[in-house]
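Please keep the structure in view while working through the numbered points.

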Amino acid sequence: MACFRFLLLMICLTGIFTAKSQCPLTEFFVSETACINERILVDNISQEAVDYEWDFCSGELVNNPLAVPVLTNSLLFRTRSLRVIKQADGWYGFAIDQASSPNRLIRFFFGTSLSNTPTVVDLGNPGGLLNGAYDFRMHMENNNWYALVANTASNSLLRLSFGTDLNNMPVGQSMGSLGVLNTPNSIYLLSTGGSLFAFVTNGGSSAEIARIEFGNSIENTPSVSTFSVSGGAGLRGISITRECDRWFGLVTSYNNGKVFWLDFTGGIHQSPQTGEISFFTGFNFPASLSVVHDGGEYFAFVQSALGTQYRLNFGTSIIDKSGTGVSLGNLGISNENFALEMVKSDTDWFLFTIDLTNRRLIRETFLSSCGASLLVSSDRHPGLIDYQTSGSKKISLAVKDIAGNVSVTTRNVVVSSDQAPDISFNSQNNCVNHAINFAAQNVSGNLVSYQWDFKDSNTSNQANPSHVFTSASEYLVQLEVLAANGCKNIYQNEVTVINQPLVDFAIPEVTPVCTNQPYAFTNLTIFDSRIPPIWEWRVNGTVVSSNQQLQYLFTNSSSQSIQLAASIPGCESILIKNIPVITEGPLVNFSSSGQCQDAPVTFTNETTGAVNGYSWDFGDGQNSTNEDPQNNYGSPGTFNVTLTAFGSSGCNNTRTKPVTIYSKPLTNFSVALPPFSCSGTPTQFTDITPNPFDSNLASWQWNFGDGSGSSTTRNPQYTYQNASDYSVSLTAITNFGCSSTIQKPVTISPSPVASFTNSPPCLGVPVSFTNTSTGSLQSQQWQIESTFYTVSSPVHAFLTSGNKSVTLNVSATNGCISSINKTLVVPNTISPDFSFTRNCINQQTEFASNTVNPADPITGYAWNFAGLGSGNANPQAFSFASIGNFNVSLAVTTQTGCTYSVAKNVTIINAPQANFTATPLSGPPPLQVQFTNTSVNATNYTWAFNAPTNSTTATVFHHLFLMI
């Protein structure tokens, strides 16, 4: 098999270097048949490649797509193009509505999967530059996102800059027509040889394509050239791909229903050969298109403006310009459609388009049931893969060399419906020249043979073999098994084989070796770091440590046996060394209290044993010979404090302990300027002490300097009643109890005193307000209801009754402020009224108020009798000296101070004059007398005859007198 692969490789190399000397060799081996869940070894033998793109489920573009609406949105009005791009783990889409109003950029966000329903955001018209834009392309450079836009209506190219995040609002810049753009439609971007190119189709009568070269940055001023497409009319969509070292493109010709090819035989910098696609000619108003390769084949998808989609299949080569084509219809979506975007996510292809009739975003998927354990890979050697479903599977590998040349190879694997056996193995031991035990693991139980490959030229056909590796290395051990149903399976696992550790250690080189003194035993063992040994230290046969290095204190003066064992799975090495003489020494120990910078730290000596003296090293350059010393550390940090006790036996034992000293805070605070530091109002104090690098601020103690004020709040407010200079102190304390204090002078400025007066607040009557505040005033602001005034004495009319809020804020020249608020009660208006009696000339006519207002009682009355007199009583009498109509008015004043008035015409008439005649005047009884009423100015009459019978007859009346 190896010889066959070598021969095939040489044939492939010879053929490729003969036919395509500039193309990388793409070749790999894989089994042509497999069972379900059988691990297949993919053996890559490609040459001269730097990038690898594996697809283990390729070939789905030969299937017909399933189109479904994703969302409906009114923003999708005249969107001629759509672009989808990935930023980090999120998928974004962009579209442009090219209608003259509003010319807007639209952003979609799908989240982490293109199968999600995206959110939609209207980004508007960046800089107002979009003008009938037909197409655009996205580009990333130096972590910054850009979009190049073909601005059709203004014959210009736009550059939109998003910065480092597609969620940003882009900034637009017009690059003008570059001297070549004429109704620019579609645009395509590609990078090669360190240069960025843009190809823009001109939709005018010239049928030209502009080639715009930016060099190494899209920010550069580009160089421009054009080439024509013979036979084209109204060029629209353009897409370019690469086959090996050759660039090839397609462009749609909208006006005459054709698709033309562009063959850049001389390189992308040269004008291409052009021609019409002849193997399929059924295009109807072709607009957008996209060229992609999948499963080792090149495809082009073309979108008609009338909704129909076309698929062109060029097979394994697109530069031969031959293939097959098919109309996919409108997929039940729409009869008005321009946009088309092809996107590959892992192994899945998505096609997005826009249904303009119904303003819907459409997603098309190409159904495929692959079932691969690994969908895609960029590794040179992807290892083992398997399929969970049966059927024909297609594996494709696209490679790229350092020059950007591309080559693609595809292999088919037919997976039967039989189930492959499960298989794995484990191993025990890792030591070279020692037996390593392997054990196959299988659940299905139907295995009939085993084939082990230890990758050191040795094999085995046992189920559970043992194997001795003679050299240390990493071995990718492989087990292949065969089941009774004829299915195979493979399992690979890397086994690390290392040399046996070579044990050595060093004992302390001191004289004497003393008890109660820790000594370091240095491990000098030589071992393989891939599998560090398990360490075991023994002293006199007792295990004392499993650490790599040993620190040990001897407690008695007998001879000592030190043993170190280093073991790895499968082998062990041991070394023993002896210390014959141990001398008794003091047991050194100490403790400390205090842990703050610039504060005393007290050390307590806890040493036992016979001692002649002590020596302290505090780790900061300071020393002491006292038994229980103190030390002040001027800086924070961890200091190794060493106490040496001079033993009577000659053993000078030491003990070192780390002592951590924490920073004292650099206490500081600030005080806000007026109006936040004025008398009678809260003064804001702000702690600006930085957190020390080694601790956190935990508490604060303020003294406000007025004899009574204090606080433990970090940023307190305090109200000083009097303006003055105060000495304020702040102590900041850390979580380790370290503290420092700062004292600062603080000036409290005098505050003005706000006050005002006002005329009575009557409904609908202008109310005058007067600022009566005291202090060196600089400005004032009134808020009366919802109206603001800045004049000293505003006038305001209340148009509704009820409680009204009036606030006056005054500012002094020193920046201090004061405020006062009053609630004024605006009463309801009242309608005064009065009545009168005895309206006769020269008589006391009586006037009485009928006005009632219990909510705002009346406190005063003012009568005006036509200018002839006045009065303030109720009731009020007045005598008119002549007859006629007189205008009498009444003004009432309420408790609020509001005045309301009413006027009436009062008619004064003459007083009545009684008179009558009698006929006869005398005679004997019974006497019949006729009385005639001759009174004037009367309306009612009463006759009295000094008799029981009276009368109210107005004129003639007869009366019979019966007596004298």
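1. Glu 219 and Arg 159 form a salt bridge, their closest N and O atoms being 4.0 Å apart. A salt bridge here is a side-chain nitrogen of Lys or Arg within 4 Å of a carboxyl oxygen of Asp or Glu. The pair links distant parts of the chain, 60 residues apart: Glu 219 is in the loop between strand 17 (208–215) and strand 18 (223–228), and Arg 159 is in strand 13 (residues 156–163). Strands (E, at least two residues) are DSSP runs, numbered from the N terminus.

2. The model is predicted: local features need pLDDT of at least 70, side-chain atom pairs count only at pLDDT 80 or more, and totals for chains, interfaces and linings use all residues. Residues are numbered from 1 along each chain as its sequence is written, and side-chain values use heavy atoms, with hydrogens and water left out.

3. Are the two partners of the first point buried or partly exposed? Glu 219 is partly exposed, with a relative accessible area of 42%, whereas Arg 159 counts as buried at 6%. Buried means under 20% relative accessible area, exposed over 50%, and partly exposed in between (1.4 Å probe, protein chains only).

4. Side chains of opposite charge can pair when their charged atoms come close. By the rule stated above, the count comes to 20 salt bridges. One of them joins Asp 55 and Lys 344 (2.6 Å, N to O). Asp 55 lies in strand 5 and Lys 344 in strand 27, so this pair ties together parts that are 289 residues apart in sequence. Asp 55 is buried, with a relative accessible area of 3%, while Lys 344 is partly exposed at 24%.

5. The side chains of Glu 341 and Arg 83 also meet in a salt bridge (2.8 Å, N to O). Because Glu 341 lies in strand 27 and Arg 83 in strand 7, the pair ties together parts that are 258 residues apart in sequence. Both Glu 341 and Arg 83 are buried. Arg 83, Asp 135 and Glu 341 are linked in a network of salt bridges.

6. What is the volume of the largest pocket? The value is about 1600 Å³. Of the 41 residues that line this pocket, the closest to its centre are Tyr 188, Leu 189, Ile 240, Val 291 and Val 292. Among the elements that give two or more residues to the lining are strand 5 (51–55), strand 7 (79–87) and strand 27 (341–345). A pocket is an open set of points on a 1 Å grid over the protein atoms alone, where a 1.4 Å probe fits, with protein on both sides within 12 Å along at least five of seven lines; lining residues have an atom within 4 Å of a point. The volume is the space filled by probe spheres set on the points, which are joined across faces, edges and corners.

7. Gln 517 lies in the loop between strand 41 (505–506) and strand 42 (518–523). At 9% relative accessibility, Gln 517 counts as buried. Leaving aside residues up to four places away in sequence, Gln 517 touches Tyr 552, Leu 553, Phe 554, Asn 653 and Thr 654; contact means heavy atoms within 4.5 Å.

8. Asn 758 lies in strand 62 (residues 756–758) and is partly exposed, with a relative accessible area of 26%. The C-alpha atoms of Asn 758 and Gly 111 are separated by 64 Å.

Methods:
Helices (H or I, at least four residues) and strands (E, at least two) are DSSP runs, numbered from the N terminus.
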